[in-house]
Structures are given as structure tokens and as C-alpha cells.
Amino acid sequence: MMNKVSRRSLAVWAADQLSLGASASSVARQLAAVLSQSGMNEQAQFLINDIVWELEQRKELVVGRVTSAHKLSQPLESELLSEIKKVTKAKHVTLEKNIDKSVLGGLRVETASRVWDYSVARKLSELREVR
């Protein structure tokens, strides 16, 4: 019987492998096998989030989830990539872009460990709290 392995230890192992240059597809196949054998398939998305967090802590990779009311212009996207890289000191930064009209304007950027909310919706919410 296989010992139960923790999601955290799997995330650290995966980050180690990726940092050493292993291909993402190879690491993913190995993780899928371990999750399946351990009966942890429902933990896959949590594991991905843990790996992203671990890579961010190591300053290897930052995934910025950008939410805005409208499509980002190419200059703004380039500026965001540059600023996130500068602030986090990460070697690599990628953006996941999402359009959500409820932010009204501005944008919100989330990484595994940080949130920058420059949305109009947040500013309006703050104004309501002041009253």
C-alpha cells in the first residue's frame, strides 16, 4: 500500500523539478499518476495552485490573474508584465486575462500571494464605507 503523500510535498517536489529544468508535461504526468494512485484526483486544482505559490516564493514564476472591464491594450499588458516582474523579482511572469464588467473600470491583479485592486468597483466600495 502506498503511503499517503501530502499535497504540499508534491508541490515542493514539482517546483524542484521545474526549477531544475524538467519539462512541465513530464512533471504533470508524474503528478497525475501519484494523484490517481493516492486517490487524490479531486485535489488536482489545489495542487496546481500550491505549485504556482511555491514557484512564486522561489521567484521562478509569477502568474498574474488580471481582471478588467475591457480587453487590455498591448502597451498596458506589456507594462503590467514589466511591473509585476519588477515588484516580485520573478524570472518569468505570465498573465491570465479575464474580462468582468462588474469591475466597472480599472483592473485587479492577483498572484499566488498578492492582490493589487485598482478597480472602480473597489474605489466605489471604499467610498460607501466612508459614509
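Axes here are lines fitted to C-alpha atoms over the stretch of each helix in contact, and angles between them run from 0 to 180 degrees between N-to-C directions. The model shown is predicted.

**View 1. Packing of helix α1 against helix α2.** Helix α1 covers residues 7-19 and helix α2 covers residues 24-37. Because angles over 145 degrees count as roughly antiparallel, α1 is roughly antiparallel to α2. The crossing of the pair is right-handed.

**View 2. Residues at the contact of α1 with α2.** From α1, the residues involved are L10, W13, A14, Q17 and L18. They meet A24, V27, Q30, L31, V34 and L35 of α2. Sorted by class, this contact holds nine nonpolar and two polar residues, with no charged residues.

**View 3. Packing of α1 against helix α3.** Helix α3 spans residues 44-57. The axes of α1 and α3 are 8 Å apart, at an angle of about 50°. That angle makes α1 oblique to α3. The crossing of α1 and α3 is right-handed.

**View 4. Residues at the contact of α1 with α3.** On the α1 side are R7, R8, L10, A11, V12, A14, A15, L18 and S19. On the α3 side are F46, L47, D50, I51, W53, E54 and L55. By class, eleven residues of this contact are nonpolar, one is polar and four are charged.

Definitions and conventions
Residues numbered from 1 in each chain as written. Predicted model: local features only at pLDDT ≥ 70, side-chain atom pairs only at ≥ 80, totals over all residues. Heavy atoms only, no water. Helix = DSSP H or I, 4+ residues; strand = E, 2+ residues; numbered from the N terminus. Parallel < 35°, antiparallel > 145°, perpendicular 65-115°, else oblique. Left-handed = near helix turned anticlockwise from the far one by under 90°. Contact = heavy atoms within 4.5 Å. Nonpolar A, V, L, I, M, F, W, Y, C, P; charged D, E, K, R; others polar.
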